Number of protein chains: 2
Amino acid sequence: MIAVDWGTSSFRAYRLDRDGAVLEQRSAAAGLLACQGNFEAALAQRLSGWDDATVVMAGMIGSRNGWHEVPYVDCPAGAEQIAAGMLEVAAAAFTGRRLFIAPGVRYRPVIGTPEVMRGEEVQLLGLAPRLAPGEPHTLCLPGTHSKWAVLDDGRLTSFRTAMTGELYALLTRHSLLATSMDPHAGDDAAAFARGLATARSDGGLPSHLFSVRTLALFGELTPAQAPSYLSGLLVGHELEGLAPSAGRVHLIGNVELTRRYERALRARGLEPVGHSDTLSASGLHQLARHRRLID
Amino acid sequence: MIAVDWGTSSFRAYRLDRDGAVLEQRSAAAGLLACQGNFEAALAQRLSGWDDATVVMAGMIGSRNGWHEVPYVDCPAGAEQIAAGMLEVAAAAFTGRRLFIAPGVRYRPVIGTPEVMRGEEVQLLGLAPRLAPGEPHTLCLPGTHSKWAVLDDGRLTSFRTAMTGELYALLTRHSLLATSMDPHAGDDAAAFARGLATARSDGGLPSHLFSVRTLALFGELTPAQAPSYLSGLLVGHELEGLAPSAGRVHLIGNVELTRRYERALRARGLEPVGHSDTLSASGLHQLARHRRLID
C-alpha cells in the first residue's frame, strides 16, 4: 500500500510492505496550496511508478479546502473509529486502484472551545503501539500549530492546540520586534532559557513580548539572541498553559524543534521522550488494516 | 506656548494660553515616519502662523529614530524630573524662539525586564493634578502598545507595556485567523465578552487564539463576530497579566477603545474611570512651567 501525509504546505508519501515497513519514500515541500485544486493530477505525478492497489491519505487534503471534505470523527477516537470515517475517492487516473482519505479528529470539551486536528492523528496512532496500555500518555507535536494530546489505550481522548509557531513567524516578520532581530540567527540556548524564565514571571504574554524590544534597546539582547529569546517566551507560554504539572511528555517533531521543547520541558521538571516525525506511515498502515484494505 | 505630541504615526499640536488652556489645535495622521528625517521643515510647516516663543515636544520625536535622541529619565519621575531632562533643540527655521524635546521614562524593576515609554508620560502628567494625593493610582492607556502605570503624588513610580493592539493588527491581517474574520465588522459586545471569558479559562493565549478558528469552523462565531472575540481574548489576557485585583482604574484613550476596556474592567469587578486622550497639552504645559520657560 501507499501512505500519504498531505498537508497545507508539505507532501510525504511512503510505500509500505505488508507489515507496514517503509520500502520507499518521497516528499515535496509543496502541499495543497501548490496544487491549485488539481489534486488528482498532482497525486498521479507524485506517485508515478508506484502501482500499489491501495492509497490511504491523511491531513488537510481531507479539509474543506482539500480534495474532498471528510467529516471529523469525535474523541475518544482510536484506529477503529478513524478507519471507519475514511472516505473513498474516485479518480480516473487511478482506475483499478482504491484511494481513501482519513478524517480529522474533533474534541468538544464540556467546558471550553472545540478543537480539531487533521494529519496529526495518524502520527499519534503511529506512536500508540509503543506506549504502555492501561494508563494515559501525554504527547506534544510542536509546530506552526502545536498539538497536545492524551492517548489512553490507543485512543485519542482529548487534545489542545497552541498557535506558537505561527505567532513566532508573525512576530519575527511583521511586528515592531522584527527590527530587533537577526532573522538568520541560529539557536541560542541561554537566550531561549531566559525567554522561558520570563514566560514564568507575572505580566502575561502581551506584556512579555515587549521585553524583546526593551532588552534590545538597552543592549541586553543582541539581534542574534532575540529570535531564541522570543521562541523561549512563546514556548514557555505554550507550556504554562498546556503542559502537565509532572511526568513524561512524548515529543513528535523535527529534531531542531524537539530539542528546544526538550529543554523547555526539563526546565519545568518534566521528562521529555523524543520520537521521530515519520510516524504517519505506521498510523496510516493501521487505518488500512482496520478498514480491511490489506490483510 | 505651543505643545506638541509627536509620535511614530501621528502629530498633534496645541496652542496654549498662560494657564494651559487650549486656544487652538492641529493634528495630522502623519507622524515621524512621514517626515523622512526632515523634522525641522515638517514642524515649521505644521506650526505655520503660530508664532509663540516656546515649543515643547514629547513622543517618539525624542527617540533614536526621531529628531534628537533624549535620554530616558528613570522612575520615580514627576514633572520636575522630566522637565529637567528636556533637551533644547537648535533650528534655523525657529530663530528667536526656543524648542525643547521631553525625555521618555524608563522603569527598571528589581526583578523582571526593563520598560520604556515616550509620549504617554505627558498624558499621565496631564491627569496627575486631578488625582487625590497621598495614595497610588492605577492608570491604563490602551493602544498599539498599552501602558499600565502607577502614579503616586504626581510621580510615575512604575509601569508595564502590553503589545495588545499590535497583536490584534498582526492576527487580523497576516494570520490564519484572518480567513475567519470580516475586517470591516463593528464592535460586537457579546463576542467581546465571550473572548474575555475564554481568556480567563485555562490553556493560555497561544492556545486560546486557535479557538477563533475552531469556533468559526463550527459556525459558532460569524466573520462579523470574530474580530470582537479576538479583541476580547487579547484584552482579557492583557488584564489577566497587568490589572490590579481590585479598585479603580483610570483609562486614557479614544472613546471606542476606552469603552471596550471599561467593559473588560467591569467584568473583572474593577471600577473604570474614563478620561479623554487630549491630556498631553496639560502635561507639556506643566513641563514648561517646571523648566521656567513660562511664568
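1. Two strands are taken to pair if DSSP finds at least two bridges between them, and the strands themselves are DSSP runs of at least two residues, numbered from the N terminus. Please keep in mind throughout that this is a predicted model.

2. With that in hand, chain B holds an open sheet of six strands, whose order is S3-S2-S1-S4-S7-S6 and whose pairing is mixed. The edges are taken by strand S3 (22-28) and strand S6 (87-89) of chain B, each of which has a single partner strand, so one side of each is left without a neighbour in the sheet. Direction ignored, neighbouring strands of this sheet are turned against each other by 20 degrees on average.

3. At one end of that order, S6(B) pairs in the antiparallel sense with strand S7 (residues 98-101) of chain B, over three bridges. Within this pairing, Leu87(B) has Ile101(B) in S7(B) as its bridge partner.

4. Chain B also has an open sheet of three strands, in the order S5-S8-S9 and again with mixed pairing. Its edge strands are strand S5 (73-74) and strand S9 (115-117) of chain B, and each of these pairs on one side only.

5. How are the two chains related? Chain B can be laid on chain A by a turn of 180 degrees and a shift of 0.0 Å along the axis, with an RMSD of 0.0 Å, which is the relation of a two-fold axis. The same surface serves both copies, since 100% of the contact residues of chain B recur in chain A.

6. In the contact between the chains, 38 residues of chain B touch 38 residues of chain A. The elements of chain B that give two or more residues to this side include S9, strand S12 (155-162) and helix H4 (164-174), while the largest share, six residues, comes from H8(B). By class, the side of chain B that touches chain A has 16 nonpolar, 16 polar and six charged residues.

Note on methods. Residues numbered from 1 in each chain as written. Chains lettered and ligands numbered in written order. Predicted model: local features only at pLDDT ≥ 70, side-chain atom pairs only at ≥ 80, totals over all residues. Least-squares fit on C-alpha atoms with pLDDT ≥ 70 in both. Contact = placed C-beta atoms within 7 Å. Helix = DSSP H or I, 4+ residues; strand = E, 2+ residues; numbered from the N terminus. Axes fitted to C-alpha atoms, helices over the stretch in contact; angles between N-to-C directions. Nonpolar A, V, L, I, M, F, W, Y, C, P; charged D, E, K, R; others polar.
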